[in-house]
Amino acid sequence: MKLFVFGHGYTAAALARRLRPQGWSVAATSRDAGRREELAGQGWTMADPADAEALAVALADADAVLVAAPPTISGCPALPALVPLLARSGAFPEWIGYLSTTGVNAIAGVSMSAGPALDLAIQAPDVYRAVGSYSGCAKTSDIPGATAVS
């Protein structure tokens, strides 16, 4: 199994330390060149988040993706960097998670909880800065939604 972490800070490092003894490989980003070099020396696959080619290599074959980088004034720094790479490679990680920081709320759902996650975000647009819906149908009570699931 392989975990890719966008934003390898304190919490993500703690998670990775627990997963590695269980056989997980870990790839991560860090803006700090010294930190990348240190972790690469310990067997981690490291990438500069500003280097799309290095990101593609680190992201390849990831079973799980954790976004742990804090948002900037423009929003989530991982989305514009990772989404095109995932789309281009045809990668479909089994799990994608967002480690939220104080003041940033995100909601996501998978399968039958994907639609309600969208509904909650629509009903409370001032609460959620990000929403994810994986294999979900946004609304099944209208004709297009009912047709999509029948």
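Author: Two strands pair if DSSP finds at least two bridges between them. The model discussed here is predicted.

Reader: What makes E1 and strand E4 a pair?

Author: 4 bridges join E1 to strand E4, residues 64-67. The cut-off is at least two bridges, so the two strands count as paired. They run parallel. Within this pairing, phenylalanine 4 stands opposite valine 65 in E4.

Reader: How do you know that E1 pairs with strand E2?

Author: By the bridge count again. E1 and E2 (residues 25-29) share 4 bridges, and at least two are needed, so they pair. The sense is parallel. Lysine 2 stands opposite serine 25 in E2. Between E1 and E2 the chain passes through helix H1, residues 10-19. This β-α-β crossover is right-handed.

Reader: Why is threonine 29 called buried?

Author: Its relative accessibility is 2%. Buried means under 20%, so threonine 29 qualifies. Threonine 29 is found in strand E2.

Reader: What is threonine 29 in contact with, leaving aside its neighbours within four places in sequence?

Author: Phe4, Val5, Phe6, Gly7, His8, Met46, Ala47, Pro49 and Leu55. Contact here means heavy atoms within 4.5 Å.

Reader: What makes strand E1 mostly covered?

Author: 5 of its 5 residues, 2-6, are buried. Each is therefore under 20% relative accessible area.

Reader: Which residues of E1 point one way, and which the other?

Author: Lys2, Phe4 and Phe6 point one way. Leu3 and Val5 point the other way. All are buried.

Technical notes
Residues numbered from 1 in each chain as written. Predicted model: local features only at pLDDT ≥ 70, side-chain atom pairs only at ≥ 80, totals over all residues. Heavy atoms only, no water. Buried < 20%, exposed > 50% of the residue type's maximum accessible area, 1.4 Å probe, protein only. Right-handed = clockwise from strand over helix to strand, strands pointing away.
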